[in-house]
Every structure is written in structure tokens, then in C-alpha cells.
Amino acid sequence: MHRKVILVFLIFALLISSLPAEARLSYEPYGKEEFPIWTMELRRAECIFFGSLVITYPVASIIYSALTNNGIIKAPDDSVDRMIQRAAIASALSFTITTADYLIGKKQAHDQK
């Protein structure tokens, strides 16, 4: 009985919440002065960081396997710890890519002045 009441309440809440929504019929691009420059740079860094994780995670897995197979680092017994170590390597690689992109962008902006 309680589950039915909760289910009906959730369905009702979802249906009611969409009623006051107003649909826009046309796309309106952001203006130049709508956001500060640092937010656009942060958004670019975020896109590059998470976008590069798709490539750096397999690379990190290969590097991690090579390091553990050659005895350079000791692999933990827990599979979660191994995954965390691979994710840390991939994050470091992605952060390096993001930092390099930021510095290259700053250098190009400086050269254009």
C-alpha cells in the first residue's frame, strides 16, 4: 500500500513539475559579455581534462601493467586499489595535457599582442 502511494506521488510530482516549463523555439547564443573570461577558460580546461581521460585511462593501464610486470611498483592485492592507481595515473596525464593547453593558449595570446 505504501509503495503505491509513493509511486503515485512521484508520478504526480514529475508531471506537475513540467507544467510551468516554457519551451524556447529558437536557439539564442551567449553574448560576449555574458560570462567572465575565467569561466570560459575553466570550461575549456574541464572539457579537455575529461575528454582526454578517454585516451589517458587506457594509456595509464598499459603503463601500470608495464610497471607492475617489471617489478618497478608493487601491485596491491585489492582490485579497487589497482583501479584507483590507474585512475590517478590517468588523471595526472590529463592534468598535464590540460596545463599544457592552458600555457600554449596564454603564450599565443601573449604573442598576438
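1. The radius of gyration is taken over C-alpha atoms, and the globule rule used for comparison is 2.2 Å times the number of residues to the power 0.38. By that rule a compact globule of 113 residues would come near 13 Å, whereas the protein chain has a radius of gyration of 24 Å. Its C-alpha trace spans about 60 × 60 × 20 Å along the principal axes.

2. This is a predicted model, in which local features need pLDDT of at least 70 and side-chain atom pairs count only at pLDDT 80 or more, while totals for chains, interfaces and linings use all residues. Residues are numbered from 1 along each chain as its sequence is written, and side-chain values use heavy atoms, with hydrogens and water left out.

3. The mean pLDDT (the predictor's confidence in each residue, from 0 to 100) of the protein chain is 88, and 95% of its residues reach 70 or more.

4. The protein chain has three helices and zero strands, where helices (H or I, at least four residues) and strands (E, at least two) are DSSP runs numbered from the N terminus.

5. Of the 113 residues in the protein chain, 11% are buried, meaning under 20% relative accessible area with a 1.4 Å probe, protein chains only.

6. Among contacts (heavy atoms within 4.5 Å) with a separation of 6 or more, 72% in the protein chain join residues 24 or more positions apart.

Methods:
Buried < 20%, exposed > 50% of the residue type's maximum accessible area, 1.4 Å probe, protein only.
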